[in-house]
Amino acid sequence: MARRNLGDYLKKQKMAIESSRKWRKDDGYDATWQRLKDMYRGRHFDDYKNEDQMLVNIAFSTVNVISPSISVNYPKITVNAVSPDNAANAVIAEAVVNYWWKKRDIRTQFRRAVKDMLTFGHGWVKVGYRFVEEEAMSMEDEEFSDAAIDGGKETTNLVIREDAPFAERVSPHDVFVDPDATSMSDIKWIAQRIRRPISEIKNDKRYIKAARDKVQVMAVSKYSDDPSRKKVHDKNVGYAEIWEFYDIASGTMSIFCETADQFLVKPMKMPYSFGQPFVMIRNYDVPDMFYPIGDLESIEPLQRELNETRSQMMNHRKKFSRKYLYKESAFDQLGRSALESDEDNVMVPVVSDEALGGVVTAFPAVINPPEFYNQSNMIIGDIDRISGVSEFQRGAVSEIRRTATESSLLQDAANARTSDKLAVVEQAIAEVGRRMMQLAQQFMTGEQVARVTGKDGEPMWVTFDRDYLAGDFDFEVAAGSTQPHNESFKRQMALQMVDAMAPFAGAGIVNMQKLAAYVLQFGFGVKNPDEFIQQAPPPVPAGPEGAMPAGMPPEGAPAPSGSPTSGLPPEIQAMLQQGQAAPPMA
């Protein structure tokens, strides 16, 4: 791009961002996101009243019931080679990407993005590569002593501190896209707003110096140690907002500051082989709209109605108090004190000769109808119906007794919507893993080490470089690997497998040692199942020709109960003893 056109191109990018801001403001996206965020953290009331206000934060409960059910554990990412020539590299790539997910704490960043998806309707994960090297001073001398230090020769070595891909959550408020887009597949550009201390920007040598000097303070911390600096406007104190602008249509990336008329980084070809670095996690798509909706936006009116109803109930209960009308001349001071006392079995003297019924009478009190107190249950039922979160998932006990089959059917219906979210999360994890591997193939230098788990659960270390990760791979996430592990369910499934394999075990076609190892390892979490399994005895050698091996029952005799063929019909046992092929069982 010619130098004389850089200014016009910068103005075009700033106008694009301004149009996206206007779009989000006019359609109320930013205001809605801020309102939903306040709803999640329990700030539901905008005005202050003289009466008490009750808050029942169902929004908080809804998000924190769904989030652990789809993103609580580390995912099991499987990598398959597209070409058979890269099958060996796929094994290394799978071990490396799963190790990075744990070592670099990507789960924490991804869980934050999942919570954004549930709250705002979408979440952003940025995938990039970080290479950091530092200068390390060393001393070259024969002996390490004070004299050697004084006369030694100092050398400077470059030490690589970080050389690996990263994935981090980005706030939905800081990502701007093309206003005319309806999905990630048709956006023309995408930009990220980054707030950095202005001192860091001015000292960052990756930026053009002339542009760095023109960066101005746009915000200061309201908790600054020296509030007077807000008036002085120190050029080296405060924050500036810079923009990473990815022009997808032209395939370029640039960095600039709103207050400067020059690029901090001039438009250059996108550094990543896959293009722009943002992965969007979408919740409920709205037809022909770019931004989806979350779980809180649909229940917001019901949440506010529930708060209003509970506040009215509390204030009406406070106003309800029993009062009595009495004739003042019928009681002296001692009688009034006894009448006002809250003690039980107190004698109240009456000095008047009038009938007691005309001396004291109860003041009629207004009692709220019982249906008024059922409103909250009806609203909560509506919230559960809209959000798809059942009373079982919230930890409540149903008032209606149901059979195990009915409870299972209700749970399956409630899990249908969670399964849809789980599929979205697993797809996003696979996309993040794919981009991390592509970045490693593109930028990684030298050798690195990854820790993997061996067959018996022991740790193993694999040394690899960029050549070990070469190839085209398909990335998938094992179904349900991010969900909470139900140990009772795992054991039940393992025992059900034993029951299902019992007929085959009786036929002698199942390796019992392997089956027992599987049950111990995956059903009960035993890391070394071979220590509990006794090896099978060696096979009995065959006798002379025409003679039966020792221990073999004579022809026609039933097999002993402990033999592998004891569960088969007698005719099949006879065929097996004669060496004939047994017919297929019905």
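**Cavities, a pocket and a buried residue**

Analyst: The largest cavity has a lining made up of Ser71, Asn73, Pro75, Trp101, Arg107, Phe110, Arg111, Ile429 and Thr482. The model is predicted.

User: What makes a residue part of the lining of a cavity?

Analyst: A lining residue must have an atom within 4 Å of a grid point of the cavity. Ser71 and Thr482 are among the residues listed for the largest cavity, so they meet that cut-off.

User: How many cavities does the structure hold, and how much space lies in the largest cavity?

Analyst: There are 2 cavities of 30 Å³ or more. The largest cavity contains about 50 Å³ of space, and the second largest cavity about 40 Å³. Ile66, Ser387, Arg417, Thr418 and Lys421 are the closest to the centre of the second largest cavity, out of 10 lining residues.

User: Which elements give the largest share of the lining of each cavity?

Analyst: For the largest cavity, helix 5 (residues 106-120) gives the largest share, 3 residues.

User: What is known about the second largest pocket?

Analyst: The second largest pocket has a volume of about 720 Å³. Of its 21 lining residues, Lys126, Tyr129, Arg206, Glu244 and Tyr272 are the closest to the centre. Strand 2 gives the most to this lining, with 4 residues. By class, the lining has 14 nonpolar, 1 polar and 6 charged residues.

User: Why is Ala191 called buried?

Analyst: Buried means under 20% relative accessible area. The value for Ala191 is 0%, so Ala191 is buried. Ala191 lies in strand 5 (residues 189-197).

User: Which residues does Ala191 touch, and what makes them contacts?

Analyst: Leaving aside residues up to four places away in sequence, Ala191 touches Ile17, Asp174, Val175, Phe176, Trp243, Glu244 and Phe245. A contact requires heavy atoms within 4.5 Å, so each of these residues meets that limit with Ala191.

User: How far is Ala191 from Gln276?

Analyst: In sequence they are 85 residues apart, and in space 9.4 Å apart, C-alpha to C-alpha.

Technical notes: Residues numbered from 1 in each chain as written. Predicted model: local features only at pLDDT ≥ 70, side-chain atom pairs only at ≥ 80, totals over all residues. Heavy atoms only, no water. Helix = DSSP H or I, 4+ residues; strand = E, 2+ residues; numbered from the N terminus. Buried < 20%, exposed > 50% of the residue type's maximum accessible area, 1.4 Å probe, protein only. 1 Å grid on protein atoms, 1.4 Å probe; cavity = no way out; pocket = protein on both sides within 12 Å on 5 of 7 lines; lining within 4 Å. Points joined across faces, edges and corners; volume = space filled by probe spheres on them. Nonpolar A, V, L, I, M, F, W, Y, C, P; charged D, E, K, R; others polar.
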